[in-house]
Amino acid sequence: MTFAALPDLVLEPLVRAALMEDLGSYGDITTRTVIPAGTTYKARINARETAIVSGMQVAALAFRLVDQELEIKTVIPDGTPCRAGDTLMEITGDAAAILSGERVALNLAGRLTGIATLTAALVAETKGTKARITCTRKTTPGLRIVEKQAVLHGGGFNHRYSLSDAILIKDNHIAAAGGIKAVLEATKAQASHMMKVEIEVDTLTQLEDVLSIGGADVVLLDNMSPDTLRRAVDMINGRLVSEASGNVKRETVAEIAATGVDYISSGALTHSYRTIDLGLDF
């Protein structure tokens with residue numbers, strides 16, 4: 001699948017911040033000291049292991065922010081499988097600029113490729129079911145937009161991007177507001193017709209209340225056993241979109257998907273992935 005790139009303008013602030021952190025107040029002293037001015041080279045970002053690629057756009061942006069004259073060619077684009085030894089990107093031009101952007105490019109691309117790879121593994125476990133794997137807001141502060149993009153590259157789907165995207169009523173909202181009836185009646189009275197409403201339930205009794213009161217578009221079935229999830233799906237009977245969460249990992253996701261839920265959300269996609277080993281080779 002071909003993925004549309006985000007505007008570089010949106011990504012530039014986070015990449016620029018990472019470069020400023022790495023370059024410090026005086027730039028890359030080592031490179032300026034040992035690399036003669038005007039030295040040019042062709043470098044390659046190579047994969048050290050099998051993965052699903054993500055982060056090529058931000059890696060390219062990291063190099064361009066250091067030196068816009070660098071020639072950058074993406075060989076294996078985001079969302080594409082790679083194997084150990086594959087070249088993902090070629091960078092040609094000023095050697096000092098390439099070396100100065102190297103660590104930020106690899107840090108971001110390795111982590112994002114890790115997210116895409118973990119997402120793809122969970123998606124594979126749900127094959128043959130209607131369940132879609134989706135991420136959460138449990139992302140690295142400042143990197144949410146690229147981490148959510150990496151989930152897409154792995155074949156998953158995105159939940160809300162921020163607190164302002166949708167109304168998601170969690171257990172603490174219910175407790176603080178005075179119960180399920182109170183929160184749902186408040187959304188009916190105040191929510192825009194353009195705003196989706198999701199509510200979390202922990203028990204079938206709570207689900208029964210949600211179905212009878214109305215006002216929700218999506219129900220989050222939290223930490224339910226597979227048997228309870230099946231009963232919940234039967235109760236919902238297509239009236240609401242169903243989302244299962246809690247204890248979602250590669251070993252459990254197939255059984256959860258088999259219950260018939262529409263979505264399975266996993267914070268692990270963006271907080272428990274393993275960074276993929278990528279290297280810059282001259």
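Predicted model: local features only at pLDDT ≥ 70, side-chain atom pairs only at ≥ 80, totals over all residues.
Helix H1 spans residues 8-23 and bends by about 25° at Leu-14. Leu-14 is also one of the buried residues of H1, together with Leu-11, Val-15, Ala-18 and Leu-19. The cover over these buried residues includes helix H3 (56-66), H4 and helix H5 (144-153). After H1 comes Gly-24, which has a positive phi near 65°.

| Helix | Residues |
|---|---|
| H1 | 8-23 |
| H3 | 56-66 |
| H4 | 95-125 |
| H5 | 144-153 |

In soluble globular proteins, nonpolar side chains tend to be buried together. In this model the largest nonpolar core holds 72 residues. Helix H4 gives the most to this core, with 10 residues. The residues with the most contacts inside the core are Ile-45, Phe-63, Leu-88, Ile-199, Leu-207, Leu-221 and Ile-264. Leaving out residues up to four places away in sequence, Leu-221 touches Val-201, Leu-207, Leu-229, Ala-232, Ile-236, Ser-242, Glu-243, Ala-244, Ser-245 and Val-261.

Helix H4 also carries Thr-113. Thr-113 counts as buried because its relative accessible area is 1%, and the cut-off is under 20%. A polar atom of the Thr-113 side chain lies 2.8 Å from the backbone oxygen of Ser-54. Ser-54 is among the residues in contact with Thr-113 when neighbours within four places in sequence are set aside; the others are Ala-51, Ile-52, Val-53, Ile-276 and Leu-278.

Definitions and conventions. Residues numbered from 1 in each chain as written. Heavy atoms only, no water. Helix = DSSP H or I, 4+ residues; strand = E, 2+ residues; numbered from the N terminus. Buried < 20%, exposed > 50% of the residue type's maximum accessible area, 1.4 Å probe, protein only. Polar contact = N/O pair within 3.5 Å; in protein donor to acceptor, adjacent residues only side chain to side chain. Contact = heavy atoms within 4.5 Å. Core = buried A, V, L, I, M, F, W, Y, C linked by side-chain atoms within 4.5 Å. Bend = angle between axes of the 7 residues up to and from the residue.
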